[in-house]
Structures are given as C-alpha cells and as structure tokens.
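Subject: Structure handover

Hi,

Here is the structure for you to open. My notes follow below it.

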Amino acid sequence: LGGKASTGIRTQALALAESFATAGPNRPAFEEFLEWASLILEANAAATTVSWVCDVLGTLTAIPVPGGGAAALNFYYRAMDCLRAFRSALDAADTEALRIVGAELKTVIPWDSVPDESDDPVDAAASYRYLDGKMVVLHSLTESAITRASQILRALLPNLDVRTNSEHDGSPQLAHLSRNADVFVVVTASAKHAATNFIAAERGLRPTLKVNSRGSSAILRALAHYRG
C-alpha cells in the first residue's frame, strides 16, 4: 500500500493504526509499523488530506512503547515533511493536534509546517465557541481518537468540560454522562450497538451527535458544524 493513494487506503491505514494501538506492540514491531506508515503518509499527503495525516500521526504517537521514543520522534518529523507543502490547508484543530504531539515528544512544529503567521490566532476556536462552558462527552471504542479530540478541544476552549468514554455497554457512569451532557458525541464507526442503544435511551429527547468516520478530525469537524 505504501506507494498508492486512494480514499480506501487512507481509511484502511487509519483503521489499522487504531487496531495496532490496542495490540501492545514491542519496539521492533512499532518501528516497522512506523516505517510503513511513513510511506503511506508520503504517498497520500495532499491539501485535502492534511487532517488524515494528523489523525494517523496522533494515533501512532500515542502508543506507549518502551524504547520507542526515537522512532516516534522520527515519524513526527517525516509527517511534518509530508505536510510542509500543504501547510496552508491546516486548520486550527490540525495545528493544535500537531502542537500537542510535538509537546509530548518534547519538540516543536517546524516553523514552515504551520499556517502563515498572518493567520488570525484569535479566530482559532471560533467554530467551537458555542461549546464554551458546556459539558461535551465523546464516546468511542477507539480511545486514541477521543483522547486526541478532547486534548484539542481543551486547548482551544479552556472552560469546556469534555469527558471521554469507551464502554461497550451500559453502566451507572455512562448513564450519568448520557443524562447530563450538553452535547453527546457517539463515533458510530467505532462503537457497540449495546452502548449506542443505552446512550439513546438515557438521552431521551436530547440530541446525540453521531460521527460515522474514524479519527479525531472527524469528531472535530462534526462539532464545528453542529449547533444542536
């Protein structure tokens, strides 16, 4: 897949990355996976796929692998090289995702891989301002995606109360979250029917935002356009 570009390959690559993240890989497997992932990023990077690049990067660098720090840092820089030509296509959420990963790896975004300095920083959280001061719950079995999405939302809106949940079925905690969330997001591409049915029953007439796509960027895009 490394030398090919298509929507299907991008979808498969992210799904494989998410599965790999739950497998508890050792360092040799991690390093090999990152090498293949780098080739796939290089073949598929474009102005229209920058969020996907950020998703794959965020998913794989979130994997705790003893001794894997150097490989993760190298992968980060290779991803930055992929984004270099398309930096003007990065939105505020993409840029924040890259900053968060960079901070975790104790590095910073290369100056020429981010949007121009002339871009208005005050506008970064504009699409999410309606959520300020509210409680948002993100539910998915893919913990890496909702963890990254919650980190980005907290960075953009410090007053936002964002919770994450990855349960397979109902529980008192999930019931509480379902009843009290101002906005409840269910990633249907990565959820169990038992949990989604339970959430719907507990929510009653209150709306639930369903996201039928993988990755943190899909969650953020859905929230950016949602007004309940």
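**Salt bridges**

Glu 18 and Arg 214 pair through their side chains in a salt bridge, with N to O at 2.5 Å. A salt bridge here is a side-chain nitrogen of Lys or Arg within 4 Å of a carboxyl oxygen of Asp or Glu. The pair links distant parts of the chain, 196 residues apart. Glu 18 sits in helix α1 (residues 7-21). Arg 214 sits in the loop between β4 (208-211) and α9 (216-225). Helices (H or I, at least four residues) and strands (E, at least two) are DSSP runs, numbered from the N terminus.

Two points on the source. This is a predicted model, in which local features need pLDDT of at least 70 and side-chain atom pairs count only at pLDDT 80 or more, while totals for chains, interfaces and linings use all residues. Residues are numbered from 1 along each chain as its sequence is written, and side-chain values use heavy atoms, with hydrogens and water left out.

Back to that first pair. Glu 18 is buried, at 5% relative accessible area. Arg 214 is partly exposed, at 30%. The cut-offs are: buried under 20% relative accessible area, exposed over 50%, partly exposed in between (1.4 Å probe, protein chains only).

How many salt bridges does the whole structure hold? The search finds eight. Side chains of opposite charge can pair when their charged atoms come close.

Asp 161 and Arg 163 form one of them, with their closest N and O atoms 2.8 Å apart. Asp 161 is partly exposed at 28%. Arg 163 is partly exposed too, at 31%.

Arg 179 pairs with Glu 202 in another, and here the closest N and O atoms are 2.6 Å apart. Arg 179 belongs to helix α7 and Glu 202 to helix α8 (residues 193-203), so this bridge ties together parts that are 23 residues apart in sequence. Arg 179 is partly exposed, with 48% relative accessibility. Glu 202 is partly exposed as well, with 22%. There is also a network: Glu 35, Glu 42 and Arg 78 are joined by salt bridges that share partners.

**Helix packing**

Start with α1 and α3. They pack at an angle of about 15°, and their axes are 9 Å apart. Axes are lines fitted to C-alpha atoms, for helices over the stretch in contact, and angles run from 0 to 180 degrees between N-to-C directions. The two helices are therefore roughly parallel. On this scale, angles under 35 degrees count as roughly parallel, over 145 as roughly antiparallel, 65 to 115 as roughly perpendicular and the rest as oblique. The crossing of α1 and α3 is left-handed. Left-handed means that the near helix is turned anticlockwise from the far one by less than a right angle; clockwise is right-handed.

Which residues make the contact (heavy atoms within 4.5 Å)? From α1 they are Arg 10, Ala 13, Leu 14, Ala 17, Glu 18, Phe 20 and Ala 21. From α3 they are Trp 52, Asp 55, Val 56, Thr 59 and Leu 60.

On the α3 side, the contact residues are Val 50, Ser 51, Cys 54, Leu 57, Gly 58 and Thr 61. On the α5 side, they are Asp 94, Leu 98 and Val 101.

**Around helix α7**

Ser 171 lies in the loop between β2 (161-165) and α7 (172-180). Is Ser 171 buried or exposed? At 18% relative accessibility, Ser 171 counts as buried. A polar atom of its side chain is 3.1 Å from the backbone nitrogen of Leu 174. A polar contact is a pair of N or O atoms within 3.5 Å; within protein, one must be able to donate a hydrogen and the other to accept it, and residues adjacent in sequence count only if both atoms are side-chain atoms.

Ser 178 is in helix α7 and is buried, at 0% relative accessibility. Leaving aside neighbours within four places in sequence, Ser 178 contacts Phe 184, Ile 199, Glu 202 and Arg 203.

**One backbone detail**

Lys 106 has a phi near 60°, a positive value in a residue other than glycine. Lys 106 is in the loop between α5 and β1 (135-139) and is exposed, at 77%.

Best wishes

Technical notes
Contact = heavy atoms within 4.5 Å.
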